[in-house]
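Colleague: I've just opened this one and I'm new to it. Could you walk me through how to read it?

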Amino acid sequence: MKKTILTGVKSTGIPHVGNYFGSFKPSIEGAKAANMRSFLFIADYHALTTVKCAAEMKENVNEIACTWLACGLDLKKTAFYRQSDVPQIFELAIILSNVTPKGLMNRSHAYKAVVQDAVDAGKDPDVDVNMGLFCYPILMSADILAFDTNFVPVGQDQKQHVEIAQAIARSFNAIYGSVLVVPEPKITKDQATIPGLDGRKMSKSYGNQIPMFAPEGELKKYIMKIVTDSSLPTDPKSTDCVIFDLYKLFATDDEVHVMKSKFENGIGWGEVKNELFRVANRTLTPLREKYNYFKSNPEIVEQLLQDGAKKARKVAQKTLDRIRKSIMG
Ligand code: ADP
Ligand code: TRP
């Protein structure tokens, strides 16, 4: 039997170069290598805890779907779907809530962080807590358990959620027998942190990002904004800088080698930036073209998501039939 690998992504605005190298690219390469049944979905109902505007919800889902497709997700190997298109997940969430101790939810970091923020602001602890947030780990467990998932690749911040899914699966199995597969988190090694235009971690929160799909002219402008020192073109330069870090991501080994010796012998920042633009644009152009294609063909994206949902529903229904039998006879 093939093992199953599954992960979900919440849609988080316009993707940047840090997201590409830290998340999209390694996930797609990981899925290629694995000889596994693979599921990748957009966790739109998880976003409901905070996003309350239909237009924003739709735009966020579309953005993330187009990005995954532009990055070359292999749709033959991976069922790619929108969580809300698979109702079996929500039925399972209700079932699981009946074997989930409230205390387990009380300990969830994500919920506790929201409570702590309210307390720090001198407000009622529960003022910003809706039941979607409180029960978030149950829905996430249903996402995972509905597909008999063996492995869940996630960042360190999501490890506790997968451990909660394990605990819920075990408490279900303790009552009904070995019905649910207990999943394992696969913690993605901390990817190197990609620096932003000002040298801090590239992040939406710092506004220092290079958008993945910026048109060529804009991409060039972003690169020209990278902060450099005031050394002269003839001065040797340290490779310990944002420009060189970004260059290494986009350039071939040979190009990096040549650039390194130019840094040692002296090169003007203008020339380095032009060269960085050249290699960045070389990598990003095919992605941008695919992204623009999917952006302007929403019916194709929708069709692909529907195809994925169909596959996902079939698998989830089989699991649910087994679960229903164990609880209802
Ligand atoms: P942001 O910090 O811009 O809000 P997110 O927190 O939405 O980014 O990150 C989405 C994914 O991209 C995560 O898997 C995260 O680890 C990865 N990521 C974000 N920024 C970087 C970065 N500067 N370097 C490497 N990976 C990053
Ligand atoms: N909670 C995850 C996040 O915020 C997204 C997610 C939802 C997920 N369901 C999942 C991840 C199931 C892995 C498996 O990033």
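Modeller: Let's start at the shell around ligand 2: strand 1 (4-9), helix 8 (136-145) and strand 4 (151-154) each supply at least two of its residues. Helices (H or I, at least four residues) and strands (E, at least two) are DSSP runs, numbered from the N terminus. This is a predicted model, so local features need pLDDT of at least 70 and side-chain atom pairs count only at pLDDT 80 or more, while totals for chains, interfaces and linings use all residues. Residues are numbered from 1 along each chain as its sequence is written, chains are lettered from A and ligands numbered from 1 in the order in which they are written, and side-chain values use heavy atoms, with hydrogens and water left out.

Colleague: Which element gives the largest share of the shell around ligand 2?

Modeller: Helix 8 does, with four residues. A residue is near a molecule if one of its heavy atoms lies within 4 Å of it. Of the 14 residues around ligand 2, the nearest are Gly8, His46, Tyr136, Asp143 and Gln158.

Colleague: And which side chains have an N or O atom close to a nitrogen atom of ligand 2?

Modeller: A polar contact is a pair of N or O atoms within 3.5 Å; within protein, one must be able to donate a hydrogen and the other to accept it, and residues adjacent in sequence count only if both atoms are side-chain atoms. Here the side chain of Tyr136 has an N or O atom 2.7 Å from a nitrogen atom of ligand 2. For Asp143 the distance from a polar side-chain atom to a ligand 2 nitrogen is 2.8 Å, and for Gln158 it is 3.0 Å. On its own, ligand 2 has 370 Å² of accessible area, and the protein covers 90% of that. Such areas come from the Shrake-Rupley method with a 1.4 Å probe; for residues, only the protein chains shown count as cover.

Colleague: How do I read the way helix 8 and helix 9 sit together?

Modeller: Axes are lines fitted to C-alpha atoms, for helices over the stretch in contact, and angles run from 0 to 180 degrees between N-to-C directions. Under 35 degrees counts as roughly parallel, over 145 as roughly antiparallel, 65 to 115 as roughly perpendicular and the rest as oblique. The axes of helix 8 and helix 9 (residues 159-176) cross at roughly 75° and come within 9 Å, so the two helices are roughly perpendicular. Contact means heavy atoms within 4.5 Å; among the residues making it are Tyr136 and Ile144 of helix 8 and Val162 and Ile168 of helix 9.

Colleague: What about helix 12 and helix 13?

Modeller: Helix 12 (residues 253-265) and helix 13 (residues 269-295) have axes 12 Å apart, at an angle of about 170°, and are therefore roughly antiparallel. Residues that meet there include Met259 and Phe263 in helix 12 and Trp269 and Val279 in helix 13.

Colleague: Last one: which residues come nearest to ligand 1?

Modeller: His16, Ile194, Met202, Ser203 and Lys204, out of 13 around ligand 1. His16 has a polar side-chain atom 2.7 Å from an oxygen atom of ligand 1. Gly18 uses a backbone N or O atom, 3.3 Å from a nitrogen atom of ligand 1. Taken alone, ligand 1 exposes 540 Å², of which the protein buries 68%.
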